[in-house]
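Please keep the sequence and the structure in view while reading.

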Amino acid sequence: MSSEKEIKRVTTKTLALMKKKGIKISSLTAYDYITAKILDQSGIDVILVGDSLANVFQGNDTTLPVTMDEMIYHTKAVAKGIVRAMLVVDLPFMSYQLSVDEGFRNAGRIMKETSAGAVKLEGGVRVAETIKKITDAGIPVMGHVGLTPQSIYQFGSYRERGKSEEEAEEILRDAKAVEEAGAFSIVLEKIPAVLAKKITNEIKIPTIGIGAGVHCDGQILVSPDMLGLYVDFHPRFVRYYAELNKEISGAVKKYIDDVKETRFPNKDESY
Ligand code: KIV
């Protein structure tokens with residue numbers, strides 16, 4: 001009989017091996033215990049406590065407002081639901097932009113206070129020094145280039161990045177800088193599939209795409225998006241695998257009717 005202890009945890013080494021063998025990496029976000037448990041038990045490889053928490057959990061327009069304390073609070077809950085998947089946590093806006101040391105300290109704080117296996121941060125060349133300092137201390141780092149939502153006010157929109165030759169070259173340079181700095185993996189967000197393919201071929205670490213085509217070494221989506229729970233907007237790269245918004249709404253309406261019409265609770269549900 002197999003016990004939970006016998007399940008092999010996904011590590012940076014597992015992901016490197018998966019790239020080598022051509023096995024695609026599956027990844028989703030989670031912000032709470034029960035979702036994390038369902039994702040883990042379903043066999044997901046990587047669970048990210050994304051700063052998309054600011055959007056889909058807190059209801060903000062951007063990822064900027066979420067704090068270190070809030071990321072840590074949610075990560076602690078998520079960690080309790082995971083046995084197998086690798087747990088990665090986003091360093092939130094302004095937790096690493098101030099200085100290399102500040103980023104280093106905050107990455108360390110996440111690792112000390114949660115059971116995360118890695119941190120993720122956005123940017124390429126300009127955060128390479130921070131990635132190096134964090135990885136040199138033994139903390140695995142996942143990079144994130146292309147559309148980096150923490151820079152939304154600099155970009156001015158959530159449009160696809162890397163369409164022009166100049167922008168594509170910059171993103172390729174960024175991805176290489178992230179790899180060179182010691183990251184174990186990198187998210188490629190909303191860039192042309194041909195560019196994602198080129199990056200995936202030219203760097204050794206696994207690429208995880210979101211709106212970056214099928215050639216990446218793995219894919220990630222925001223869980224409430226792909227479950228059809230968060231339907232405030234629907235980017236083209238999100239496929240709905242369920243319609244939980246409709247499902248929950250239907251269940252709640254049925255419950256309300258039953259309460260109003262005294263069909264709930266029945267005799268068996270009463271003491
Ligand atoms: O915050 C997040 O959910 C992310 C993914 C979209 C990659 O960074």
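Which helix and which strand each supply at least two residues of the lining of the largest pocket?

## The largest pocket

Helix H3 (53–57) and strand E6 each contribute at least two residues to the lining. The model is a predicted one, and its largest pocket has a volume of about 570 Å³. The lining comprises 31 residues. Nearest the centre of the pocket are Ser52, Asn55, Pro149, Glu189 and Val222.

Rolling a probe the size of a water molecule over the atoms shows where empty space is left.

## The barrel

Eight strands form a closed barrel with parallel pairing, in the order E1-E2-E3-E4-E5-E6-E7-E8. On average, neighbouring strands of this sheet are turned by 25° against each other, direction ignored.

Strand E5, residues 141–146, pairs in the parallel sense with strand E6, residues 185–189, over five bridges. Within that pairing, His144 has Val187 of E6 as its bridge partner. Strand E1 (residues 25–29) and strand E8 (residues 218–221) run parallel and are joined by four bridges. Here Ser26 has Gln219 of E8 as its bridge partner. Strand E7 (residues 207–210) also runs parallel to E8, with two bridges between them.

Is Ser95 buried or exposed? Its relative accessibility is 2%, so Ser95 counts as buried, the limit for that class being under 20%. Leaving aside neighbours within four places in sequence, Ser95 is in contact with Met68, Glu102, Gly103 and Asn106.

Met94 also has its place in the loop between E3 and H5. Met94 counts as partly exposed because its relative accessibility is 40%. Its backbone deserves a look as well: Met94 is not a glycine, although its phi is positive, at about 70°.

Where is Lys190 found? Lys190 sits in the loop between E6 and helix H9 (193–202). The phi of Lys190 is near 45°, again a positive value in a residue other than glycine. With a relative accessibility of 22%, Lys190 counts as partly exposed.

As background to these phi values and to the peptide bond described below, most residues other than glycine have a negative phi, and most peptide bonds are trans.

## Domains and a cis peptide bond

The domain assignment divides the chain into domain 1 (4–240) and domain 2 (245–271). Taken over C-alpha atoms, the centres of domain 1 and domain 2 are separated by 39 Å.

Which residues does a cis peptide bond join? The bond lies between Phe264 and Pro265, with omega of about -5°. Pro265 belongs to the segment after helix H11 (244–260).

How values were computed. Residues numbered from 1 in each chain as written. Predicted model: local features only at pLDDT ≥ 70, side-chain atom pairs only at ≥ 80, totals over all residues. Heavy atoms only, no water. Buried < 20%, exposed > 50% of the residue type's maximum accessible area, 1.4 Å probe, protein only. Contact = heavy atoms within 4.5 Å. Pairing = 2+ DSSP bridges. Axes fitted to C-alpha atoms, helices over the stretch in contact; angles between N-to-C directions. Domains from an automatic or database assignment. 1 Å grid on protein atoms, 1.4 Å probe; cavity = no way out; pocket = protein on both sides within 12 Å on 5 of 7 lines; lining within 4 Å. Points joined across faces, edges and corners; volume = space filled by probe spheres on them.
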